[in-house]
Amino acid sequence: MTETKSSARWWFLAHGWLALPIWVFLLFVCLTGTIATVSQEIVWLARPEVRANPPSDDAQMLGYDEVVAVIAREHPEAVIRRVSRPVKSMFAWSVQAEYPDGVVFDHYVNPYTGHIQGSERDGFSFRQFIRALHGWMLFKDMKTSLGWFAVSLLSLPLLGSLVTGLVVYKRFWRGYLRPRLRWGQGRRVFWGDLHRLAGIWSIPFILTMAVTGLWFLADSVLHHADIELPSTSPALPVMLDRDAVPLALPGAQAPRIGLDRAAQVMRETFPEVDASFFSLGESAFSPIRVMGQGAGWPLLTEAAWIDPYSGRVEYVRSIGNRSWLELATQSMRPLHTGDFVGLGLKLVYFFFGLLLTAMVASGLLVWTKRTARATAQALPGLAARWRRWRFHLSALLLVLPMAWLPHYLTENQPAARAGLGQRVAGEWSAGPWRMTLAEWRTGPPRLHDGEYEKAFTLALCRDCIGQVKAAYLRIGKPRGDVRTSGVLLSGSPYRMFGNLHFPGDLHPDAELWLTLEGWDGSKHRVAVPLAQASPATAQWAQARSQ
């Protein structure tokens with residue numbers, strides 16, 4: 001055998017073996033990724049309430065304030081958290097609102113008629129499920145789970161298969177000029193032609209999937225190693241200065257600008273960007289965050305943080321103030337999903353996803369007919385063992401998400417996201433206002449980034465909502481100034497969150513102090529014994545003090 005033929009044989013074996021040890025798993029990831037690409041469109045086909053059908057050809061869309069007014073009129077008890085206008089005009093607008101029982105709903109509003117066409121509790125949805133199944137195999141934590149690593153590791157054999165495939169397929173560019181798919185010469189010939197044809201036409205798509213998947217892998221490794229890449233984004237949430245929040249008369253709130261005004265400010269800041277997402281903030285000191293797809297770089301969004309009281313721009317996050325490293329790394333996800341231009345590009349991704357899935361399936365059949373025989377001739381001992389164990393690894397990888405499915409459904413069911421948490425500590429009064437304190441998760445504080453922390457939640461009484469500007473929580477009695485009152489709780493008045501850091505030498509008889517600040521500048525405080533607020537934390541402190 002000549003040296004050239006021997007080299008070609010080993011390249012062929014490398015190409016066949018790069019994907020085949022996990023071929024079932026690779027096929028599964030390709031198929032679920034293809035479905036995930038058009039998951040939003042599948043929902044549009046299956047659920048009429050998410051469609052934005054205009055009543056006439058010349059119908060005009062309502063303003064943002066008009067859409068918000070629909071929710072306020074029909075659900076006066078709701079606290080609106082965000083408004084989203086999909087890039088594709090065929091979708092209804094989504095308005096997310098929270099209710100007194102802590103339940104969060106996404107309302108689908110027809111932007112032409114103002115009619116609430118349907119509502120969905122926040123939690124499990126088809127789109128979330130298929131993306132979790134594809135991206136991290138339903139394992140709990142994205143970026144840190146075994147499933148995320150297993151999926152992103154596929155970028156290595158995918159990239160290797162592309163390189164070896166181009167070496168094996170001599171003069172592959174002829175497939176563009178004279179594509180060949182033979183139907184009547186047997187299954188082996190047909191599947192071989194399909195595999196080569198799908199491969200050469202999918203080269204840019206395969207390269208995109210491999211490179212973006214490789215970045216997801218590298219990002220997870222950096223995350224585990226506590227290495228942060230240089231970033232121009234603010235290290236902490238953008239917050240208003242205390243003096244920038246106006247006072248109000250007792251029992252009243254400071255007036256806020258509407259979303260139409262916020263959209264106008266966004267347009268003045270970015271003349272070529274249409275506002276498509278509004279986050280109304282998590283506290284009285286939070287700006288309105290407005291986002292829109294970048295005109296010069298549609299892979300990313302432009303964003304402005306706007307003072308909700310004066311309309312002044314507090315912070316801008318534009319394409320221009322990102323570094324080249326940020327532009328590259330933050331573009332990886334939209335490049336991977338294809339969700340940054342419109343329906344046309346999504347369908348292109350869907351087509352090539354199907355082509356890639358067909359290529360993996362045809363590659364399997366080619367392997368069983370040709371590569372297995374070539375491997376047996378070159379490495380007879382390895383081939384004999386592989387015939388016995390070849391399906392076990394893929395089967396194991398596919399069993400894992402099925403085993404995790406009950407836990408995923410439990411964690412993401414709407415009931416698990418409602419309420420104040422796992423344990424209600426009780427009700428307390430601070431001056432004229434009453435509130436309910438709860439533990440989001442029972443158990444002692446957990447060590448995170450070198451500090452022990454635990455999340456608490458707080459709900460204001462219905463009559464207090466319009467009077468209380470802010471709520472704070474700290475260990476030990478604060479001094480007189482409201483700035484010493486501790487952690488600012490954020491969220492809707494029906495469920496505000498606060499992540500409290502506990503010292504390692506915490507005394508079991510310590511007290512948590514709650515401070516409520518009114519819109520008129522008044523403040524009222526109440527002490528809550530640690531043993532009442534969190535018995536598990538008091539026991540943890542007792543055990544550490546011994």
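In the predicted model, the buried residues of helix α9 are Phe190, Gly192, Asp193, Leu194, His195, Leu197, Ala198, Gly199 and Ile200. This helix comprises the 15 residues 187–201, and the distance from its first C-alpha to its last is 21 Å, which is close to the 21 Å expected at 1.5 Å a residue.

The model also contains an open sheet of eight strands, arranged in the order β4-β3-β2-β1-β5-β6-β7-β8 with antiparallel pairing. Its edges are formed by β4 (116–121) and β8 (313–317), each of which pairs on one side only, and neighbouring strands of the sheet are turned against each other by 20° on average, direction ignored. Within the sheet, the antiparallel strands β2 (residues 93–98) and β3 (residues 104–109) are joined by six bridges, and serine 94 stands opposite tyrosine 108 in β3. Helix α4 (residues 64–74) packs on the sheet, where it touches β1 (79–84), β2, β3, β4 and β5 (277–279), and its direction makes about 40° with that of β2. Helix α11 (residues 259–269) likewise packs on the sheet, touching β1, β5, β6 (288–293), β7 (301–306) and β8, with a direction that makes about 125° with that of β7.

The loop between β7 and β8 contains aspartate 307, which counts as buried because its relative accessible area is 1%, under the 20% cut-off. A polar atom of the side chain of aspartate 307 lies 2.8 Å from the backbone nitrogen of tyrosine 309. When residues up to four places away in sequence are not counted, aspartate 307 touches Leu240, Ala244, Ile257, Pro287, Arg312 and Glu314.

Terms used:
Residues are numbered from 1 along each chain as its sequence is written. This is a predicted model: local features need pLDDT of at least 70, side-chain atom pairs count only at pLDDT 80 or more; totals for chains, interfaces and linings use all residues. Side-chain values use heavy atoms; hydrogens and water are left out. Two strands pair if DSSP finds at least two bridges between them. Helices (H or I, at least four residues) and strands (E, at least two) are DSSP runs, numbered from the N terminus. Axes are lines fitted to C-alpha atoms, for helices over the stretch in contact, and angles run from 0 to 180 degrees between N-to-C directions. Contact means heavy atoms within 4.5 Å. The expected span of a helix is 1.5 Å times one less than its number of residues. Buried means under 20% relative accessible area, exposed over 50%, partly exposed in between (1.4 Å probe, protein chains only). A polar contact is a pair of N or O atoms within 3.5 Å; within protein, one must be able to donate a hydrogen and the other to accept it, and residues adjacent in sequence count only if both atoms are side-chain atoms.
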